[in-house]
Every structure is written in structure tokens, then in C-alpha cells.
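Have the viewer open as you read, and follow the residues along.

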Amino acid sequence: MFHMVTTFINTLSSSVEGFILAGLTVVLFIWLYIRTALQLQTARREQLERLQKSLLLYSRVTGPLSEMMERENHSQDEISQLVSLLEECKAAPILTSDLHEQIDAYIRERDPSRLSMLHKTWVREVNRRIEEQSTLLRKWDRPSWGFSFWVLLKPALPFVALVAILVWGLQLYQTLIGLPESNVIHAWARFISCVIATASLYLVFMYTRRLPLNLLYTGLYVLIAAVALFHLLGLNMALYIISVQVILFIAGFTLTTKRTRRERPYAGRDLVVEVAPTLITEVSVSSLATTPNHDISELPTRSNRKNNKYRG
């Protein structure tokens with residue numbers, strides 16, 4: 001492989017056409033780098049905007065929900081106002097399925113036990129999103145040396161992936177020259193397998209995030225790419241290798257399972273597991289959504305009177 005690439009580079013440097021092709025390659029690299037860098041920057045900005053928009057929508061429910069949790073009797077106007085605000089929160093860009101289920105359940109039943117479960121889920125979701133926003137802001141405002149280097153290197157990955165695919169294509173071309181017809185399928189299988197491995201690594205470095213399910217996807221992509229290393233054992237292994245890669249790819253569909261009804265919260269479920277903290281006020285959420293360097297702290301717990309009511 002190294003000899004093949006070296007020969008190709010020497011061929012380019014020995015002719016005028018080679019210099020022109022090298023110049024076009026440099027232009028392609030610069031274009032892909034700038035385009036990818038702008039896309040990544042736009043994606044980061046849109047991610048932060050989605051967080052801020054969601055937090056602003058959540059903050060409108062914070063006050064009414066907290067007040068209703070502190071009293072046992074609720075007027076019809078208070079319930080109608082809360083339902084209206086909850087309907088608006090369905091438009092939050094990063095609304096989770098768990099919170100969506102709790103909102104729909106309360107709107108449908110208007111049950112006080114549903115309100116308690118909604119409050120607990122609401123606190124958990126708001127805290128998670130505030131922490132996520134603060135982490136993003138700290139990471140981009142005060143990046144570490146390693147992260148800064150990765151930000152500089154990442155826009156070059158599309159060009160690297162394209163070059164890798166061209167190398168596999170050149171290898172296929174040279175392998176097919178003088179190859180017996182019985183081994184042609186092995187050469188094509190190796191080419192397709194190497195392209196799959198390159199695409200898998202590209203997805204790992206460009207798009208996956210550090211979330212529980214995405215960590216499984218990342219491990220699966222890395223495993224698919226690692227299997228391609230067995231091509232070093234010879235061309236006859238190509239069909240077995242690509243078969244394993246296809247099996248691993250199909251196995252990835254089993255990771256997208258839905259939660260069972262037993263795993264989802266419902267009315268009457270044990271509400272005494274832990275006492276949820278009080279939701280923060282609309283002013284505090286709004287300020288967090290616009291303050292870059294705000295540190296996350298625990299939300300205050302509810303009043304002792306409310307805690308005693310839960311224990312009862």
C-alpha cells in the first residue's frame with residue numbers, strides 16, 4: 001500500500017498534468033476545510049439556540065407549576081393556565097419523550113398524582129438542560145489545549161476520508177490488473193469493506209456524541225472499522241470480513257429499542273423514592289440562558305410542609 005501511494009505521488013510530480021492535479025487537490029482541500037468548519041460552527045450555534053429556546057419555554061411553566069405543587073386545591077383557571085403553558089412547551093426543540101409523555105398524561109387526566117410526577121420529571125429535565133448549556137459554554141469559552149487542537153483538525157476529516165476512498169479505489173484498480181476472474185469478487189469485497197470501515201470511522205469522529213446510547217453506536221462503528229484490519233491476512237479473507245461487517249451493521253438496529261410500559265412513570269407509582277427539588281424561577285432560567293459563565297448549582301429543596309405531605 002505504501003509503495004503504491006509513493007509511486008502515485010512520484011507520477012504526479014513528474015509531469016505538468018501532475019502539478020495541475022496537485023493544485024486542484026489543494027484547492028479541494030481548502031474548500032472542504034472551510035465548508036466543514038462553517039458547518040460545524042453553525043451546528044454548535046444551533047445547538048446552543050435550541051437549548052436556550054427550550055429553557056425559555058420551560059421557564060414559563062416554572063412559576064405556575066411550583067405554586068400549584070405548594071397547594072392542595074387548585075382552581076379551574078390555574079389548571080387551564082398550566083395546561084396552556086404545557087401545550088406551548090411541546091414546541092421545545094429538545095423535548096424528551098419522557099417529559100412529553102408526562103405532559104400529555106396530565107393534560108389528558110388533570111390528576112394531582114400526575115402533577116406530582118410531572119413536577120419531578122420537569123425538575124430533572126430543567127436541571128439537565130441547564131447543566132448541558134453551562135458545559136457547552138465553558139467548553140467553547142475556555143477550551144483546553146487538546147480540544148482546541150481537535151477543533152482545528154476536525155474540518156480536515158472529510159478530505160482525509162475522500163483521499164482514503166480514492167486510495168482504496170486505486171488499490172482495487174491495481175489488484176484487478178492480471179487478477180484471475182475467480183478472485184475478482186474478493187477484490188471488490190475488500191474495496192467495499194474498506195469503504196465501510198472508512199465511513200464508520202468518519203461517523204465516529206464527526207457526528208457521535210458522548211451519550212449512553214451513542215456510546216454503543218460509537219463502539220459498534222469502531223468494531224466495524226477494526227474488523228477491516230484482517231484484510232492484512234490476505235485477499236481470501238475479504239468475503240468473511242465484509243460478512244462480519246454486515247452482521248454488525250444489522251445488529252445495530254437492535255439497539256433502538258423502545259422502553260416498556262413498566263419502565264415509564266405512571267400515576268400511582270412510588271412517589272416517595274426521593275423528594276424532588278423546587279423548580280427555579282423564570283428569572284433564573286432566563287438569566288442562565290443568556291449568561292455564558294454561570295456555574296451550575298443544586299436547586300433548593302421544597303418546604304418541609306410539602307415534604308411531610310409526601311411522606312404521609
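Among contacts between residues at least 6 apart in sequence, 74% join residues that are at least 24 apart. Please keep in mind that this is a predicted model.

**Overall make-up**

The secondary structure comes to twelve helices and zero strands. Read from the N terminus on, the order of elements is α-α-α-α-α-α-α-α-α-α-α-α. The protein has 312 residues, and 33% of them count as buried.

**Transmembrane annotations**

The unreviewed UniProt entry places the feature "transmembrane region" at residues 12-34, 147-168, 188-208, 215-233 and 239-256. Two of these spans can be set beside the model. Residues 215-233 come to 68% helix and 0% strand, with 30 Å between the end C-alpha atoms.

**The nonpolar cores**

The largest nonpolar core has 24 residues, and the members that touch the most others are Y58, V61, L82, L86, I103, Y106 and W122. At least two residues of this core come from each of helix 2 (16-69), helix 3 (76-89), helix 4 (97-109) and helix 5 (112-141). Helix 2 gives the largest share, seven residues. Apart from this core lies another one, of five residues, including I224, V227, I241 and L248.

**Charged pairs**

A search of the whole structure finds nine salt bridges.

| Pair | N to O distance |
|---|---|
| E109 and R114 | 3.1 Å |
| R128 and E125 | 2.6 Å |
| R129 and E125 | 2.7 Å |

Let us begin with E109 and R114, whose side chains meet in a salt bridge. E109 is partly exposed, because its relative accessible area is 37%. R114, by contrast, has a relative accessible area of 7%, so R114 is buried.

R128 and E125 both belong to helix 5 and sit three residues apart, about one turn of the helix. For R129 and E125, why is the separation about one helical turn? These two residues are four residues apart in helix 5, which means that about one helical turn separates them. R129 and E125 are both buried. Salt bridges that share partners join E125, R128, R129 and E132 into one network.

R128 has a relative accessible area of 39%, so R128 is partly exposed.

The relative accessible area of T121 is 4%, so T121 is buried. Not counting residues up to four places away in sequence, T121 touches D98, L99 and Q102.

R190 is found in helix 8 (residues 184-206). Why does R190 count as buried? Its relative accessible area is 14%, and the cut-off for buried is under 20%, so R190 qualifies. Leaving aside neighbours within four places in sequence, R190 is in contact with Q171, T175, H231, L235 and A238.

To finish, a look at the cysteines. The structure holds zero disulfides. C89 counts as buried because its relative accessibility is 1%. C194 is buried too, at 9% relative accessibility.

Definitions and conventions
Residues are numbered from 1 along each chain as its sequence is written. This is a predicted model: local features need pLDDT of at least 70, side-chain atom pairs count only at pLDDT 80 or more; totals for chains, interfaces and linings use all residues. Side-chain values use heavy atoms; hydrogens and water are left out. A nonpolar core is a set of buried Ala, Val, Leu, Ile, Met, Phe, Trp, Tyr and Cys residues joined through side-chain atoms within 4.5 Å. Buried means under 20% relative accessible area, exposed over 50%, partly exposed in between (1.4 Å probe, protein chains only). Contact means heavy atoms within 4.5 Å. UniProt positions are given in the numbering used here, feature names are shortened, and annotations may be inferred rather than shown by experiment. A disulfide is a pair of cysteine sulfur atoms within 2.5 Å. A salt bridge is a side-chain nitrogen of Lys or Arg within 4 Å of a carboxyl oxygen of Asp or Glu.
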